[in-house]
Amino acid sequence: MAFRPLGDRVLVKRVEEESKTKGGIIIPDTAKEKPQEGEVIAVGAGVRDDKGVVQALELKAGDRILFGKWSGTEIKIDGEDLIIMKESDVLGVLS
């Protein structure tokens, strides 16, 4: 299924964290927190300003981002867990 976010929304896939610490201890799934890092899958066209001109988003597909712990709405598309959020919920881009 093809999905395109509208307006200033972005579709994000969480990046899975390591299941092992640097010391070699395996962390069980029940003790893991959801990662706050993800990869942008798709972006909307942008948001309209007061004059009606569409302002394009700074993010693009493929960007690795950090976002807030409670940001966005979790959705499932084709059996894959994704998050849809506003661009303003993104804290920064990793380079």
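Where in the chain is the place of Ala45? Ala45 sits in the loop between β2 (37–43) and β3 (47–48), strands being DSSP runs of E with at least two residues, numbered from the N terminus. The model is predicted, so local features need pLDDT of at least 70 and side-chain atom pairs count only at pLDDT 80 or more, while totals for chains, interfaces and linings use all residues. Residues are numbered from 1 along each chain as its sequence is written, and side-chain values use heavy atoms, with hydrogens and water left out.

Overall, the chain has zero helices (DSSP runs of H or I, at least four residues) and eight strands. Of its 95 residues, 27% count as buried, meaning under 20% relative accessible area, against over 50% for exposed and partly exposed in between (1.4 Å probe, protein chains only). As for contacts (heavy atoms within 4.5 Å), 61% of those between residues at least 6 apart in sequence join residues at least 24 apart.

Back to Ala45: its 54% relative accessibility is why it counts as exposed. Leaving aside residues up to four places away in sequence, Ala45 touches Pro5, Gly7, Val54, Gln55, Ala56 and Leu57.

Leu66 counts as partly exposed because its relative accessibility is 33%.
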